[in-house]
Structures are given as structure tokens and as C-alpha cells.
Amino acid sequence: MALSLAVDGLRRHSNNSGGRNSVTINKNNNTCTTGNQKTTTTCVLSPSISYFIIVIVFLCFAGWLLIKFIITPPVGCREDNEGSWAIGVFFGDSPFSLKPIEDMNLWKDDAASWPVANPLITCASVSHAGVPSNFVADPFLYVQGATIYMFYETKNSITMQGDIGVAKSMDKGVTWVPLGIALDEEWHLSYPYVFEYNENIYMMPEGSRKGDLRLYRAIDFPLKWKLEKIVMRRPMVDSVVIPHNGKFWLFGSDHSRVGSRKNGELEIWHSSSPLGPWRPHKKNPVHNMDESMGARNGGRPFVYNGTLYRIGQDCGETYGKRIRIFKVEVLTTKEFKEVEVPSGIKAAKSIKGRNAWNGVRNHHLDVQQVSYGKWIAVVDGDRVPSGDTTRRFVIGFLSVIALAILFGMVLGVPDSLVKRRDTFLARAFCSRMSLATMNLHARIIRPNNCIRVTLLLFAFFLAVALTSAGVWYLYGGNGAQEAYPLNGHYSQFTLLALSYDARLWNLKMYVQHYSRCSSVREIVVVWNKGVPPHPDDFDSAVPVRIRVEKHNSLNNRFKVDHLIKTRAVLELDDDIIMSCNDIERAFLVWRQNPNKIVGFHPRLVTRRNIKYRDEHYARSHGGYNMILTGAAFLDTRFAFERYWSHAADQGRVWVDKNFNCEDLLMNFLYANATGSSSVVEYVKPAWLLETSILSRVAISEHTQAHFQVRTNCLAKFSEIYGHLAHRKLEFGRRKDGWDV
């Protein structure tokens, strides 16, 4: 049938040395044989088969390019269909003015965090402590003097069930040390609500799969617990116990009840003791509504200014989409009334999307007032929605199936495939595919037909799109370009760009892209010339600050700026676009080497023939001793203060004179200030685009003249500050594979 389309297109080319030449074409296995051994016969594939082979090769190449340069390998732990939950810490003067820990500007040298940034507890930090974990969620605090404990659900990577883990902080919640597993049962545990009563510490975790609600008492806090009693023989979900107006109240959900709406039901029980017995509220269930309305508990209720507040979770778009806070106006054994109030939690969910640890959802909050008057809160967050791995697999699988159908439509379904199907449905499907293909070929796809070429081109581009979708969803992970932790700790940096009016279009694209990178805290634009833009002109996920300079000088990019709150600053030209993953990798290398210039453009300067050359020269000579600061991480305080010191006076004058070479000067100043054999580190980007090539707006547009100016700079700086030749580093010296 359709296979004959290819066979009919075979062409014979014979070189007959005598005798008659006979050719047999076998359609079953698509082979050609000759009846005369003295005759040489060449069988050439038809245009259809050639097209098929070329397309397959190109699609494989396209998939490889996608994997090599675009897809970011997953960071951290094993993917889980429930999500990639992590836990962050927030501080505030009240429970309604909470800010993430990075806003506190707390620096920790031993954690290489300047400042410390969320998340503070992750699956990686728990796994590093010896407990394999897919994610951590549902955090609850217990304050004991100067020590703060955090209990949380951790999903075991081996058993695939939830256990209760615990971590400890001795520095007011700034850093945390996972201690291990506090409670492990044969069934799934989560939501470890911890409270104190009559000098005993109790935990009431959710274990609804067991079919009851259990209360445990600490016998060796915080790691050993004993079952105290079964509170209720009902599969209660996310339950809490609080004292209020002389009674104890239990809030929880029972999704097994007939007529209960999952994640939309709430029940209240009351007792004279947290140990029971419990009596139901007269209006139970007090809520049985849409799952987006916050009926299901999302943390510990709290009291502020004498008013009780309950925390609920919105599960409308996906499970645990966001936190909602309700002011309890009436709570008696017969009546219950609450109204929603604004949460006031800054950045409870980041607008950076999947690149942020809490970019898609957050569903739990525990906030408590500590002895020194401040409030501390723990919030969990996730970068993906619930069921993300299943969704990605389905889309990727359907893309592959669609690709196979597309090829079947273009090339046809072989007769043998139609005849060998074992089931009626399979034979019917293949027969219909074959019939559709015959009609397509007979009526539309004809030789020398313009429609044929158009359809084949359309099929080609559609195949590329389907291949990309299949590779992306099946191989590409969750699509996040995450921050890389250093020993379980995260930090942030400031992005600084030098710009002016002629490059505003570059700048807008630049800010939109880099503001979504996970570790970027602020973008500072050093405005050198023209009417400055307003920060609101940019689509940014982080604050943008425009620093207007009086004089147009390249020295301005290294000016001391006391408003910068991070130790690390990424100096990045406004015409450079690269992936957030490359930025995050370089930031990790800088955190490991904070006294060095870490960047993406290596150069090599020799002693004998001082001349400025491009990266190719450095690679052909096996090493580098400079990193251009147009795309590099620096220590903002050391670098800027050094640049504006008396030792740099002559260099800055030379930079202003030539309107060039400020990046070269910084390398000499770093080298001159330290006795270290190396002051630079290279990170190879997966890809890098210079948009000024398109706009033709760049000081280095005339390459020969530009290189000559920089050669003169190298000679001058070598004369003032000494040579760099002896500081050569080899490519591939580090073991991370990022400097090859």
C-alpha cells in the first residue's frame, strides 16, 4: 500500500558488462536483487524515504540541542508527584507584617550566606543529614528558651511515606540543623501539631490513612514519643487544638463523612481538656463549601491583640495554592463565625514562578511570638503544582504519539502492519490510517505539486515542535532554573547594569529576564546618559533602582554604593542574555571563592607580547588569567573600595581617557591586592547572546580599534600594577565540570 510509494520511487542504475540484467523488487522487506552477478545495480531510496531519514536525523539533533543547551538538569532531590515543598522562615513586628529572612540582611560567614536566604529547610538539607527525603512541608514551631525547634513532614524517598522530622535553631531561627526523625509509623504521617499542656509536650500529627486521630507525648524531647491516646476514631485531617474562652477547641476536617466536600469541610469539637473527651459543635460541619474558600486548616491558629485568627488553605486551582487568614468573630458551642482578613505576609508566594522555591503555591503557616517581642513564622512553599510529574508525562507521551501519527500520515501505514494487528480495534485504526494516507497521497501529495512541498514543510516544523515538546516534558524535569545551595544554605546577590538611553530596549528585556532568576535580590541600573527611565517602566519580579550619574564614565559601574545589601554583586552588561541556570552556577562558584572574580569571559595575557586577544586565544593556549567584569561576580565591598582607592587613581584616569578598559583595571587591582596565585574563576555558559550585535549599539563595534585600545590599556596597567602572566589557570582545573 503506502510502502509501495517508496518502492515505486526506487531507481535502477545499471553498468552492464554483457548479458541481460534482471532486477527483482521484494516489497515485503523492501530489498532489491539482481539476477546477473556481472551486473551492478544500485537501488536509490525514494524522495519520501529520504525525507523521512533526513527528518529523523534532524529531529534527533534538535532534541540533543535542547538537552545540551536549554534544558536545566534538576537540582537537589528526587522529583515527587506531590511536589517539591521546602520551608522558609519569616520575621516581623506582628503576624501581619512578616518578611522573609533575606529582608533582615543577616549574614553568616560559616554558611557563605551574605545574606541568609530562604528556603532554610529543604529535602536536600534533610537528606544530607542522613534522612532521604523527597520534600519537607507542614512546619510547626516549638520554642524552648533560646532554642527553637521545628517539626515538619518529610516524605521518605525509600518508603514513599510521610514521617515527622525535627530541626533545631540556636540563633533565633537564622540557621537550622536537622536532628532526624521524631516519629515514624507504618502509615503516612504529616501536619505535626506540637503543643504543651500540664508541663508535658504533645504532638497530634495527621494519620488519616490509619483511620483515626492520635495524640503522642514526648518521653525524650524532641526525638522520642509515646502514643498517649487515640483522640478520635475518625480519619481527621490537619487537626489543631487551641484554648479559647475557658475551653479547648479542636478544628479539623473529616473527608470520609457522607456529603463532605474534599478540602472544603471543617468541623469543630470542644472539651475541657486537650486530652478529651470531645463533643461536636452544634453546627458541624461549620463549613462544607468549595475547596478554594479556605475551610481546610493551614497551620496553627494564633491570637493577636486579644483576637483569635484561624489559618486556612485555598485548594482551588491546585492543592495548597495559597494561605488564607480568618478572624474568628464568634466561637461558642452553638455558634461559629469568621471573616477573611489580608495575610500581610510579604513574598509568601514569589512572582518569580518556578525558579523560586515558593513560586507556585504555599499552604501552611505557623507564627509565634518569641520572648524578645518579635514574631517568627515558618511557611512552606512549592515551585510546581500538585501532580506536575504526571501532567508532564502525559503531555510528553501524547507528543510522541502525535509525532508517530504524523509520520504515519506522511509516509503511510505498511500493509503488514494492518494485517498483523491482533485486535479488531487495532486493525480498524491501522486500516483507517492507511485509507486516510492513501487519500492524502492520491488527492493532495502529488509529484511537482506546490501543495506537496508546503505540506511536507508544515509536517517538518510540526515534527520539530512535537519533538521539542516530547523531550521537554519527558526529560526536562519541572522546568525550573533553581538556585544551587552551598552546604544546604542559600543566599542572594545584586545585579548591576551600566546603561544609557540608546539601549533602553535592551534594558527592558534584560530586567524582565534576570529578575526571574532565583537568587537575584535587586537590580541596580547605573544610568550614564540621557533621560532616565522610571522603575515602574520595567516588568520586574524584584525591586529596580535607577542610579543616575552626573558624568558619563565607565568608572561609575564600580562606584561604592552603600544601598546594596548583598556582599555579591553581578556586574552584567545590559546587552548580555544568558540562562538563569548559568547565573546560578556562577553564583555558587563565587560563594565558594568570594575573594575572586568569577565570570563568563576568560582572557589570557602573556608577558612577552602584551596584546589583547579574544577567548579563542586563551583556549588555544590552554588557560586564562583574566575574567572580564562585563559578566562577573565581585565582592561589592572589597572590589568597589579597591577600585576607588588611591592605588587605582592612575588607572581610573586612563579609563576615562579611553572610555574603555575598566574591566581590565579591576583584574589588575584584584591581583595587586592579594598574594594569591589566582584571583579569577571561569564558568562556561551553556549559551550567551549579545543583543548589541543586533542593535549595533556598543563601544566595541569596531573590533580592531577596540582591541588596540585595550592592548594599550594592558601595557599601561602592567607597567603600573605588574604582570598577570604568572597567574595562568588551566581550563578544566576545577572538578565541577563548569570551567571546561
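In which helix is Leu398 found? Leu398 belongs to helix α4, where helices (H or I, at least four residues) and strands (E, at least two) are DSSP runs numbered from the N terminus. The model is predicted, so local features need pLDDT of at least 70, side-chain atom pairs count only at pLDDT 80 or more, and totals for chains, interfaces and linings use all residues. Residues are numbered from 1 along each chain as its sequence is written, and side-chain values use heavy atoms, with hydrogens and water left out.

**First stop: Leu398**

Please select Leu398. Because its relative accessibility is 52%, Leu398 counts as exposed (exposed means over 50% relative accessible area, buried under 20%, partly exposed in between; 1.4 Å probe, protein chains only).

**Second stop: strand β25**

Select residues 375–382 next. Eight of the eight residues of strand β25 are buried, so this strand is largely enclosed by the rest of the structure. In a regular strand, side chains alternate between the two faces of the sheet. Both faces of β25 are covered: Trp375, Ala377, Val379 and Gly381 are buried on one side, and Ile376, Val378, Asp380 and Asp382 on the other.

Phe91 has Ile376 of β25 as its bridge partner.

Terms used. Pairing = 2+ DSSP bridges.
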